Amino acid sequence: MPYVVAEPCIKCRFTDCVDVCPVDCFRAGETMLVIDPEECIDCSACVEECPVNAIYADSDLPDRWSEYAELNAVFSRQWPLISESQAPLPTAEAFRDVKEKRHLLTGARDEALGS
Ligand code: SF4
Ligand code: F3S
């Protein structure tokens, strides 16, 4: 039951989640982070840290974001490790309440997922 970063992270990427993770699960894309499901030990520490409530146990993912379990698994094998928090993206405040951000997700291999 790994944890999953879902759509609210896109264009925000606050990275508060990174500092509390005991096992370096997070991988950084241009517009969001993902969690490596092979590394996550299900401690749930990151959930409370996210200012936009982007992180869920995979079993609790809202239906509209169900694809993010696969997106996290795929991108975590392609994106680099991030082990310390960074400044949020410049777009973070403008996008924190924006719904429907899936089309703004970018990644070198995003095309492989048909988007
Ligand atoms: Fe890291 Fe725990 Fe969050 Fe998994 S649930 S990503 S181990 S902080
Ligand atoms: Fe994203 Fe929230 Fe972490 S916005 S980078 S999941 S703190």
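Let me start with ligand 1: the space it takes is the second largest cavity. This is a predicted model, in which local features need pLDDT of at least 70 and side-chain atom pairs count only at pLDDT 80 or more, while totals for chains, interfaces and linings use all residues. Residues are numbered from 1 along each chain as its sequence is written, chains are lettered from A and ligands numbered from 1 in the order written, and side-chain values use heavy atoms, with hydrogens and water left out.

A cavity here is a set of points, on a 1 Å grid over the protein atoms alone, where a 1.4 Å probe fits but cannot get out. A molecule sits in one if more than half of its atoms lie within 2 Å of its grid points.

Around ligand 1 are Tyr3, Cys21, Pro22, Val23, Cys25, Phe26, Ile35, Cys40, Ile41, Cys43, Ser44 and Cys46, where a surrounding residue has a heavy atom within 4 Å. That shell has 11 nonpolar, one polar and no charged residues; Ala, Val, Leu, Ile, Met, Phe, Trp, Tyr, Cys and Pro count as nonpolar, Asp, Glu, Lys and Arg as charged, and the others, Gly among them, as polar.

Ligand 2 takes the largest cavity. Its shell numbers 13 residues, the closest being Cys9, Thr15, Cys17, Leu33 and Cys50. By class these are 10 nonpolar, one polar and two charged for the whole shell.

Tyr3 lies in strand β1; strands are DSSP E runs of at least two residues and helices H or I runs of at least four, numbered from the N terminus. Tyr3 is buried, at 10% relative accessible area. Buried means under 20%, exposed over 50%, and partly exposed in between, with a 1.4 Å probe and protein chains only. Beyond four places in sequence, the contacts of Tyr3 (heavy atoms within 4.5 Å) include Ile35, Cys40, Ser44 and Ile55.

Ser44 is in the loop between β3 and β4 and is partly exposed, at 30%. Its phi is near 70°, a positive value in a residue other than glycine. Most residues other than glycine have a negative phi. Glu100, in the segment after α3 (92-95), also has a positive phi, about 55°, and is exposed at 62%.

Last, the core. What size is the largest nonpolar core? It has 34 residues, and Val5, Phe26, Met32, Ile35, Ile55 and Tyr68 have the most contacts inside it. Such a core is a set of buried Ala, Val, Leu, Ile, Met, Phe, Trp, Tyr and Cys residues joined through side-chain atoms within 4.5 Å.

Note on methods
1 Å grid on protein atoms, 1.4 Å probe; cavity = no way out; pocket = protein on both sides within 12 Å on 5 of 7 lines; lining within 4 Å.
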